[in-house]
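Please open the model in a viewer and keep the selection panel at hand.

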Amino acid sequence: MALDNKIPQGPIASKWTDYKNHINLINPANKRNIDVIIVGTGLAGGSAAATLAELGYNVKAFCYQDSPRRAHSIAAQGGINAAKNYQGDGDSIYRLFYETVKGGDYRSREANVHRLAEVSVNIIDQCVAQGVPLAREYGGLLDNRSFGGTQVSRTFYAKGQTGQQLLLGAYSAMNRQIGRGKIKMYNRHEMLDVVIVNGKARGIIARNLVTGEIERHSAHAVVIATGGYGNVFFLSTNAMGSNVTAAWKAHKRGAYFANPCYTQIHPTCIPVTGDHQSKLTLMSESLRNDGRIWVPKKLEDAQAIREGKLKATQIAEADRDYYLERRYPSFGNLVPRDVASRAAKERCDAGFGVNATGEAVYLDFASAIDRYGKEQARIHHLDENDAKLVYDLGKKVVENKYGNLFQMYYKIVDEDPYTTPMMIYPAVHYTMGGVWVDYNLMTTIEGCYCLGEANFSDHGANRLGASALMQGLADGYFVLPYTIGDYLSKDIRTGKISTDTPEFEEAENNVRSMIDHLMNNKGEHSVDYFHKKLGKIMWNKVGMARNAQGLTEAMDEIAALREDFYKNVKVSGKAESFNQELEKALRVADFLELGELFAKDALHREESCGGHFREEHQTEEGEAKRDDENFSYVAAWEYKGNPREAILHKESLVYENIKMVTRSYK
Amino acid sequence: MNLTLKIWRQKNAKDKGQMVDYKIGGIEPDMSFLEMLDVLNNELVEKGDDPVAFDHDCREGICGMCSLFINGEAHGPDRGITTCQLHMRKFKDGDTIYIEPFRAKAFPVIKDLVVDRSSFDRIQHAGGFISVNTSGNTQDANNIPIKKHDADRAFDAATCIGCGACVASCKNSSAMLFVSAKVSQFALLPQGRVEATERVLNMVEAMDQEGFGNCTNTGACEVECPKGISLENIARMNREYLAASVK
């Protein structure tokens, strides 16, 4: 099937407006006869559910958590971008568009990104109207800060809990509609298959996680908004339950999966301590506004620190290597995430790591505390040479900005980051790849949509900070409600979709036989045993730096592990009850397929771009080397029964408004 | 570390349930409490036993999913954290640890340590929102100036994660701290004033219907709240409720 991205004609700045002016609408009386299923209730799914319900559709929303309020969007810390130019520092829709395309290393779709930049402005208005308490200045106006990859302050925030506040905003909008009966909420439910009738997505098979019942749900369209698949690495910053299952089932039913190898490795996470670890914790990128990243200049100092003989604070200023400021003078500590992550790995690989495992660098707030302290002393006419006073005043400012993050660090690491620098290391964070969608956010299955992190379209090979929240809410509040209406306008006479058809029967049987196999398997290892093994393969061979040999090995190893999983996994308990082992087993089974496609995608992409770094393709200075001539396309994979047999379809990326140049943050 | 765990096991809501003893070894101080339970569950699964069900998701203290009652305290012996942020360095080698679900009439047990907190959602359905369309046709955000002090206090109230520790630690199983946090967030913002009366009346009514008890001002909820939600919010809700009742 040829890929049609359905990008409207015309100049980029008017595509979205023209599109909206010409689509078909549905009158309110007819909307009442149309059902939409939304799977996942984070920023994208939650905002879509609320908005579609408000428009008058009957929405059925599903989440695996006990409440939509717990979706992992809640953990996003730093902020959300919007081209408001409240600061008057030169921001504009074009500049946000430009920086996002550049930040994504010219592997995102221009038309989608421009639309994102356009609606970003509305998102802030919308959230403030809902009562989201974004940070304010003393004059009562909204405050902004800056993030990696940009030189303006366009990031709106709510301390270090922006995702939480935005999600609670979407959740409250959902609650309003649930109370009215326009959204029927299915908590603790997991989608295990999508049902296709006459080529159109017409429903899902879901498992009630409390009772274990397998349920059929029909609708006129299905929307998947289940987030990213970073947990294929086992260790990631994702919530433990985050999974690829809904997206992968759609893939197996015909939705192409695009750019699976584009994974963001976030530079500022708390380092791994041991094999028991279940989860990695992110420290917001906003910390890089004030924190300076460094390692010792001398190998012997690094060695002494690792052995516990020296402390960070004992290293003289002249013996510290602020390597980001050294290598990238114009962006310094605010280089984009992929650049900062690779630079940290490079220093640690060279032997300058600062924790016991040698995989950590410092994020130091001493100079920020000093700078703010002196400023406060001057403001209040106090003695700026009194070191203790300056420290106390400065600490208060830093505490005000990042207090919860510092507390979080302290609880996990048991060290006070106000007095000793934080240790950080890159970790798997966000997946830019995902289900292929056209401009309408429709997948290659008619009537099946995909939003937010679960789709691929907006971030290219690297995502700039504070743009994930923006995309989730843009898709849910402002894009899908238009595009899905155009599609559903053909369904006003369809009537209820029956679940009593061979298609539902087949999908349900498919799910049941998988569950039966897992429950009756007489294996000897837990699900986690396999998941951890998969994670190790992924991190070591498909992680921050990849090469052809490692990727080829990884594909074989994952295939072998998958086979072993089906022979040797053991799931205790019963299928017809609350069974967390079974939930994990079903998710890991899908990760074991996705992982192989991920490696295959990375192997075929003979270039480095954004989060995808092929060791064979780098500059002499160790920077990523793109190959625009041969790889300026989206790799969309068609499922053919086995991940390694997936067929590649290419969507050419055409840049009409932005000149492709080598990314430089020097 | 070697530990003795006394864990509440209950097959489902109807089952009677009981404490069961487990011995566990090889626990390191930098493991989180939930990672310690992962180790136990891995052993149970590999032996063919039913692992202990417990709720968890983000494991970084923000989703509000984890909910254990540890040695008689919601979220265990440390202050200002959720269970997933509790680390084993807070315990000693040889300790016996009691692990139970959050117990309240309005939080029925689903299995073992997992309880059903959907009563919290139903209270939110009754009024935990501002009635504004999500169409994007709103006024410019800076046309609603808000005092920094008010925005900060609204934010502080809005940081409630809905974990239910307040209910679990209250002798009356009152949900006042949770409900008052939401009421306060909107009461402090100009956008929320328009429907403040209906909001507080409806949410308090829903809270009572769900079977939560009354507040007797002992303050246990504030002490155990992982996000430091203040009792001031309860006072604010009471004022809002009183004002709404006499209107």
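Is the crossing of H14(A) and H17(A) left-handed or right-handed? To follow the answer in this predicted model, select helix H14, residues 502-520 of chain A, together with helix H17, residues 580-604 of chain A. The crossing of these two helices is right-handed. Their axes come within 11 Å and cross at roughly 115°. Angles of 65 to 115 degrees count as roughly perpendicular, and H14(A) and H17(A) are therefore described in that way.

Next, display the side chains where the two helices meet. On H14(A), select A:Met514, A:Ile515, A:Leu518 and A:Met519; on H17(A), their partners are A:Leu582, A:Ala585, A:Leu586 and A:Ala589. The residues of this contact comprise eight nonpolar, no polar and no charged.

Now move to A:Glu576, in the loop between helix H16 (548-568) and helix H17 (580-604) of chain A. With a relative accessible area of 61%, A:Glu576 is exposed, because values over 50% count as such. Beyond its neighbours within four places in sequence, A:Glu576 is in contact with A:Thr211 and A:Gly212.

Finally, show chain B beside chain A. Here 74 residues of chain B are in contact with 79 residues of chain A. The two chains bury about 6200 Å² between them, with 50% of it on carbon and sulfur atoms. Select B:Glu60, B:Thr134 and B:Phe155 to end the tour: these three supply 12% of the area that chain B buries against chain A, more than any other three residues.

Methods: Residues are numbered from 1 along each chain as its sequence is written. Chains are lettered from A and ligands numbered from 1 in the order in which they are written. This is a predicted model: local features need pLDDT of at least 70, side-chain atom pairs count only at pLDDT 80 or more; totals for chains, interfaces and linings use all residues. Side-chain values use heavy atoms; hydrogens and water are left out. Helices (H or I, at least four residues) and strands (E, at least two) are DSSP runs, numbered from the N terminus. Buried means under 20% relative accessible area, exposed over 50%, partly exposed in between (1.4 Å probe, protein chains only). Contact means heavy atoms within 4.5 Å. Axes are lines fitted to C-alpha atoms, for helices over the stretch in contact, and angles run from 0 to 180 degrees between N-to-C directions. Angles under 35 degrees count as roughly parallel, over 145 as roughly antiparallel, 65 to 115 as roughly perpendicular and the rest as oblique. A crossing is left-handed if the near helix is turned anticlockwise from the far one by less than a right angle, and right-handed if clockwise. Ala, Val, Leu, Ile, Met, Phe, Trp, Tyr, Cys and Pro count as nonpolar, Asp, Glu, Lys and Arg as charged, and the others, Gly among them, as polar. Buried area is the accessible area (1.4 Å probe) that two parts lose on being put together, summed over both.
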